[in-house]
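Dear colleague,

Please find below the sequence and structure for your review. A summary of the findings follows.

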Amino acid sequence: MQGKSRPPATAAEAISRMDTYVALGLIGQQEVAQALGLNVTDLTCLGHVLGAGAEPLSAGDLAERANLTTGAVTGVLNRLEKAGYARRVPDPGDRRRVRVVADPAAVVRLTELYQPFYDRLGELFARYTPEETAVIADWFAHAAEAARAHLDALRDRAS
C-alpha cells in the first residue's frame, strides 16, 4: 500500500489538531464515565485494568500506570468494587499483594461503549500504510512520555 500524499503541516498545526483531539477525548471520557456511574479517574483506572489483559495488575502497578498515589488507588479500587466493575484478588506469588481484575460484565459494558469509536479509528488507520501507522504509534508513545514528564514537573512544582 502506498502512503497518500498529505498537505504539509507545521509542528504548531499538529499540536493544535492534537489539542482538539485531546479536548474531545476528555469530553468523551466524561460521557462514558457518567454512563457507567463513575468519575473519570476511576474510568481511567478501569481502562488500565482491562488493558492489562491476562496478567492482572497489582494495586501498585495500577498506581504507577495511572500516575496516582497508592492511597488514591485504594479509594479508586473501593469505588470500582462497590460499583461491581472490578475486584481485588490475592496475588498467587505473594499473599501480601493483591491483583485487580475486571468483572466480566464490566468488560461487556465498556466494549459496548467504546467499540463504535474503535471501529471508526480502525477505519482511519486503514488509510495509512503500516510504516505510517508505525510512525503514529511511535509518536503517541513518545508523546505519552512527554505528558508524564510534564505531569510530574507540575506536581513537583505544586509540592
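In this predicted model, the N-terminal end of helix α5 is capped by Asp-103, which places a side-chain oxygen 2.9 Å from the backbone nitrogen of Ala-105. Helix α5 covers residues 104–125 and bends by about 45 degrees at Tyr-114. A proline, Pro-116, follows the bend within four residues.

An α-helix has 3.6 residues a turn, so residues three or four places apart point the same way. Leu-43 makes contact with both Leu-110 and Tyr-114, and its other partners include Gln-29, Val-32, Ala-33 and Leu-36.

Leu-43 also belongs to the largest nonpolar core, which has 24 residues. Leu-36, Leu-43, Leu-46, Leu-62, Leu-80 and Tyr-85 have the most contacts inside this core. At least two core residues come from each of α1, α2, α3 (59–66), α4 (70–83), β3 (94–102) and α5.

Strand β3 also holds Arg-99. Is Arg-99 buried or exposed? Its relative accessibility is 16%, so Arg-99 counts as buried, the cut-off being under 20%. The side chain of Arg-99 makes a polar contact with the side chain of Asp-91 at 2.9 Å. A polar atom of the Arg-99 side chain also lies 2.9 Å from the backbone oxygen of Pro-56. Among the other residues that Arg-99 touches are Leu-57, Ser-58, Asp-61 and Val-89.

With kind regards

Methods:
Residues are numbered from 1 along each chain as its sequence is written. This is a predicted model: local features need pLDDT of at least 70, side-chain atom pairs count only at pLDDT 80 or more; totals for chains, interfaces and linings use all residues. Side-chain values use heavy atoms; hydrogens and water are left out. The bend at a residue is the angle between axes fitted to the seven residues ending there and the seven starting there. A polar contact is a pair of N or O atoms within 3.5 Å; within protein, one must be able to donate a hydrogen and the other to accept it, and residues adjacent in sequence count only if both atoms are side-chain atoms. A nonpolar core is a set of buried Ala, Val, Leu, Ile, Met, Phe, Trp, Tyr and Cys residues joined through side-chain atoms within 4.5 Å. Buried means under 20% relative accessible area, exposed over 50%, partly exposed in between (1.4 Å probe, protein chains only). Contact means heavy atoms within 4.5 Å.
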